[in-house]
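Please find below some notes for a colleague who has not seen this structure before. They follow a few elements one at a time.

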Amino acid sequence: MKHAARVRTAAITIAIILASLAFHYFGAAGLWDIGISDRLNQRESVTDKNIYIIGIDDKTLEKYGPVNTWSREIPAKLVELLSADGAKPAVIGFDIIYSEQADEQADNQFADACREAGNVVVARSFAFKEMPETDENGKVTYNPYHVDYVIEPYESLRGSAVHGYANTTVDADGYVRQAMAYIDYEGERAYSLSSQVYKMYQESRGEEAIFPATYGRSNRFYFTYSGKPGGYNVVSMADVLDGNVDAKIFQGAVVLVGAYAVGMQDSYTPAITHNSQMYGVEIHANIIEALLEGKTQTPLPPLLYALAAAMLCGVFFVAACKLKMLPTGIIFVLLAALDVVFARAMYRQGSIVPVILLPIVLAVIFLARVIQGYLTEIMRRRRVVNVFKQYVAPQVVDKISKDRDFELVLGGENRHVAVLFVDIRGFTTMSESMQPEEVVEILNEYLSLTTKSIFANGGTLDKFVGDATMAVFNAPFALDDYIFRAVCTAWDMRAGADALAAKFEKRYGESVAFGIGVNCGNAVVGNIGCEFRMDYTAIGDTVNTAARLESNAKRGQILISEEVYEAVKERVAVTPIGEIPLKGKSKGVFVYQLDEVKK
């Protein structure tokens with residue numbers, strides 16, 4: 001049974017792993033996790049950045065006006081300045097789409113300048129649309145990166161410069177942390193603007209352009225930012241055109257030209273900051289540097305991670321079953337810390353793994369074991385309570401079940417209590433003349449009445465002794481007005497006895513009546529017995545006197561001691577009986593008959 005239960009639990013654990021993994025990769029948790037990964041891994045690094053940005057900033061816009069009104073002579077002049085002797089960059093990338101023809105002469109001038117430079121990459125844009133596609137096996141799948149249409153450079157420029165699509169990949173949470181390397185378009189490999197610039201830069205240095213591992217139909221990859229907004233060398237386009245910047249600083253470098261003003265609406269939220277905007281041209285610069293430095297990543301295959309995580313969680317589950325809470329908690333903390341270290345190490349090796357998924361699942365397992373243990377203990381205690389309630393006072397059992405500091409140990413305390421004894425008068429004689437089942441019925445009705453009366457007044461049912469009942473008030477817990485409560489209990493018992501007498505007189509021709517005795521004083525209360533069998537009870541002269549009062553009480557009579565009377569005399573009516581001798585006591589006890597209780 002235990003083995004089967006553990007197998008079921010292990011299956012549930014694996015199901016939790018896989019479900020969590022699915023939620024991680026396809027739900028909001030994935031974005032939350034990757035956001036934590038950003039804060040863990042996206043750090044500004046100090047590198048020798050041979051990348052420059054010529055920004056179309058506010059100064060440039062103020063001098064030349066809005067970009068859409070510019071003559072193509074302006075970018076043509078920029079390319080010519082950058083192509084001068086001693087100032088030629090390795091590659092010039094325009095993060096601007098020149099799609100419409102304007103002035104033919106100026107358009108041709110820009111196209112000619114790009115052709116002569118031979119190192120210019122201009123932007124185009126792909127419009128994607130999800131479309132069904134059929135593979136070689138006839139299976140239909142939906143491609144979200146099907147190219148619906150392309151915004152191309154104008155015709156003369158199209159043949160004079162290399163093209164790269166400038167689409168920016170924004171994740172569902174609004175942050176940019178991925179880039180597309182290339183896509184297959186019209187039977188050819190179409191590179192992104194960043195990839196094309198990287199490719200040409202490597203060729204200019206005589207090195208091979210090695211693209212990182214990618215995933216998905218769009219051939220995406222994650223990249224690590226090298227700088228925060230403003231981290232690259234940015235110069236104003238106006239200053240370059242005016243000759244205020246020596247063009248020789250761009251020799252052999254990557255030069256990117258693009259929007260660097262708020263009004264041009266080309267800014268995004270980078271994964272490195274989460275709280276500030278970065279211009280698109282600067283994002284391209286970070287992507288290019290990530291390609292050059294090998295700071296790219298792809299997600300680890302989910303199934304591989306799921307299997308490894310399931311094995312680790314299975315081991316943790318077994319440990320949680322066998323170990324106590326503290327060592328299990330320590331193991332949980334260590335595994336969570338190791339998971340973070342592992343995630344960082346894998347990121348540096350080019351693989352992205354969830355950062356918080358495993359700790360969350362481990363926490364679920366740990367919490368489940370805590371809850372299971374708690375519920376198991378509750379059920380165990382409930383079973384013990386239910387069994388003990390059949391033998392001992394319910395208040396004592398409740399104390400055991402609720403009070404962690406309460407222990408069942410031998411010993412007791414001296415405590416002032418009120419003690420009540422009640423007995424059926426003539427029960428032995430009556431039982432001889434009745435059937436056993438009739439005797440049991442009468443006894444059960446009687447004990448039910450006495451028990452309900454005791455509990456209704458907050459007393460503790462100490463024990464049943466044959467047809468007698470003993471109750472204690474003010475133990476094991478302090479009870480307000482406990483002497484009066486004991487008197488009220490006796491009065492309730494006698495009142496209930498009248499109904500029982502009428503019932504059994506009619507049914508069996510026999511009647512029952514109670515004799516009750518109540519006393520108060522100091523007594524030793526606690527667990528009496530031995531280590532393997534003990535009872536919670538009260539002992540001492542106070543208890544013995546209460547028992548003697550009950551034995552002297554006549555049918556339907558309630559006898560109370562003088563100590564009890566003095567405590568409640570303002571609320572009762574009594575008849576003095578006088579001093580009566582009690583068995584076992586050298587001196588008599590003055591007693592009263594209880595006639596009325598003023599509740």
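1. Strands β10 (residues 220-223) and β15 (residues 296-299) run antiparallel to each other and are paired over two bridges. Phenylalanine 223 has threonine 296 of β15 opposite it. Note that this is a predicted model.

2. The pair belongs to an open sheet of four strands, ordered β7-β10-β15-β16, with mixed pairing. At its edges are β7 (178-180) and β16 (351-352), each of which pairs on one side only. In general, the strands of a sheet are paired through backbone hydrogen bonds, in either a parallel or an antiparallel sense.

3. Helix α5 (residues 104-117) has 14 residues, which at 1.5 Å a residue should span 20 Å; the end C-alpha atoms are 20 Å apart, so the two values agree.

4. Which residues of α5 are buried? They are Ala106, Asp107, Phe110, Ala111, Ala113, Cys114 and Ala117. These lie on the same side of α5, because they cover an arc of only 155° around the axis. Exposed residues Glu104, Gln105 and Glu116 sit on the face turned away from that buried side. An α-helix has 3.6 residues a turn, so residues three or four places apart point the same way.

5. Phenylalanine 317 lies in helix α10 (residues 302-322). This phenylalanine 317 counts as buried because its relative accessibility is 9%, and the cut-off for buried is under 20%.

6. A nonpolar surface patch consists of Leu367, Ile371, Tyr374 and Leu375, together exposing about 410 Å² of accessible area. Leucine 367 is part of helix α12 (residues 357-388).

Technical notes
Residues are numbered from 1 along each chain as its sequence is written. This is a predicted model: local features need pLDDT of at least 70, side-chain atom pairs count only at pLDDT 80 or more; totals for chains, interfaces and linings use all residues. Side-chain values use heavy atoms; hydrogens and water are left out. Two strands pair if DSSP finds at least two bridges between them. Patches are made of residues with over 30% relative accessible area and no salt bridge: like charges are joined within 9 Å, nonpolar side chains (Val, Leu, Ile, Met, Phe, Trp, Tyr) within 5 Å. Accessible areas come from the Shrake-Rupley method with a 1.4 Å probe; for residues, only the protein chains shown count as cover. A salt bridge is a side-chain nitrogen of Lys or Arg within 4 Å of a carboxyl oxygen of Asp or Glu. Buried means under 20% relative accessible area, exposed over 50%, partly exposed in between (1.4 Å probe, protein chains only). The expected span of a helix is 1.5 Å times one less than its number of residues. The arc is that of the directions from the helix axis to the C-beta atoms.
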